[in-house]
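Me: Could you walk me through reading helix packing, ring pairs and salt bridges in a structure?

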Amino acid sequence: MATPTGHHHPRRPDTDRRTITGEENRLRALQLRKAGLPYHAIGQQLGTTSQYAFKLVKAALDNLRTHCAEATETLRQLELERLDALLMGLWIPASRGDNASIARVLKIMERRARLLGLDATAKIAPTSPDGEAPYGPLQAVQELDVLLARMAERHASQPDL
């Protein structure tokens with residue numbers, strides 16, 4: 001019997017009827033959840049319990065996350081290979097002092113560092129809109145309250161707007 005985790009019996013082929021049915025159930029459970037159905041209703045439609053419906057949805061989402069992560073990593077590797085190819089063509093002229101090649105090499109290195117997450121993130125402290133004074137969340141809420149009060153006053157004086 002197929003499990004909700006997306007793994008089937010190790011000796012059962014991917015094309016086995018039970019494996020396919022399990023995949024279809026996970027997909028259907030996810031579609032029903034996406035449509036807004038609660039787990040007990042999903043379970044009823046699939047002829048199972050709400051707990052198992054939850055497991056089916058979770059397994060389908062885990063499967064999606066895994067595939068997205070794999071696709072993202074594949075794309076990252078492809079981009080790194082492209083950058084490497086560009087870098088190889090510019091390395092010799094850059095190492096000989098060609099300023100244009102040096103600039104391009106640095107751009108490639110920056111892009112590579114971003115792709116690999118090598119650069120430290122910039123810390124940005126919240127400031128007032130003019131950028132001068134420290135700015136806290138309480139200040140923002142107070143300013144929003146003032147703006148909302150002004151809008152309410154305008155609306156009260158001109159109710160047809």
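Me: Which residues in H2 are buried?

Reply: Keep in mind that this is a predicted model. In H2, the buried ones are Ala-41, Ile-42 and Gly-43.

Me: OK, and how do H2 and H3 pack?

Reply: The general idea first: a packed pair of helices is described by the angle between the two axes and the distance separating them. Here the axes of H2 and H3 are 7 Å apart, and the angle is about 95 degrees. That puts H2 roughly perpendicular to H3, because angles of 65 to 115 degrees fall in that class.

Me: Which residues in H2 and H3 meet?

Reply: On the H2 side you have Tyr-39, His-40, Ile-42, Gly-43 and Leu-46, and they meet Ser-50, Ala-53, Phe-54, Leu-56 and Val-57 in H3. Ile-42 and Gly-43, then, are in that contact set and also buried.

Me: Now the rings. How many aromatic pairs are there?

Reply: The count comes to one aromatic pair. It's Tyr-39 with Phe-54: the ring centres are 5.2 Å apart and the planes sit at 75 degrees, so this is an edge-to-face pair. The cut-off for that label is over 60 degrees. Tyr-39 belongs to helix H2 (residues 39-46) and Phe-54 to helix H3 (residues 50-95), so the pair ties together parts 15 residues apart in sequence.

Me: Are Tyr-39 and Phe-54 buried or exposed, or something in between?

Reply: In between. Tyr-39 has 22% relative accessibility, so it counts as partly exposed; the buried class needs under 20%. Phe-54 is partly exposed too, at 40%.

Me: What sits over the ring of Tyr-39?

Reply: The charged end of Arg-33 does, 4.2 Å from the ring centre. So Tyr-39 takes part in the edge-to-face pair with Phe-54 and also has that charge over its ring.

Me: On to salt bridges. What's the general idea, and how many are there?

Reply: Oppositely charged side chains can pair when their charged atoms come close. Searching the whole structure turns up six salt bridges. One of them joins Arg-26 to Glu-23, with the closest N and O atoms 2.8 Å apart.

Me: Where do Arg-26 and Glu-23 lie?

Reply: Both are in helix H1 (residues 17-34), three residues apart, about one turn of the helix. That spacing is worth a thought: an α-helix has 3.6 residues a turn, so residues three or four places apart point the same way. Arg-26 is buried, with a relative accessible area of 4%, whereas Glu-23 is partly exposed at 33%.

Key
Residues are numbered from 1 along each chain as its sequence is written. This is a predicted model: local features need pLDDT of at least 70, side-chain atom pairs count only at pLDDT 80 or more; totals for chains, interfaces and linings use all residues. Side-chain values use heavy atoms; hydrogens and water are left out. Rings of Phe, Tyr and Trp (its six-membered ring) pair if their centres lie within 6.5 Å; planes under 30 degrees apart count as stacked, over 60 as edge-to-face and the rest as tilted. Helices (H or I, at least four residues) and strands (E, at least two) are DSSP runs, numbered from the N terminus. Buried means under 20% relative accessible area, exposed over 50%, partly exposed in between (1.4 Å probe, protein chains only). A charge sits over a ring if NZ of Lys or CZ of Arg is within 6 Å of the ring centre and within 35 degrees of the ring normal. A salt bridge is a side-chain nitrogen of Lys or Arg within 4 Å of a carboxyl oxygen of Asp or Glu. Axes are lines fitted to C-alpha atoms, for helices over the stretch in contact, and angles run from 0 to 180 degrees between N-to-C directions. Angles under 35 degrees count as roughly parallel, over 145 as roughly antiparallel, 65 to 115 as roughly perpendicular and the rest as oblique. Contact means heavy atoms within 4.5 Å.
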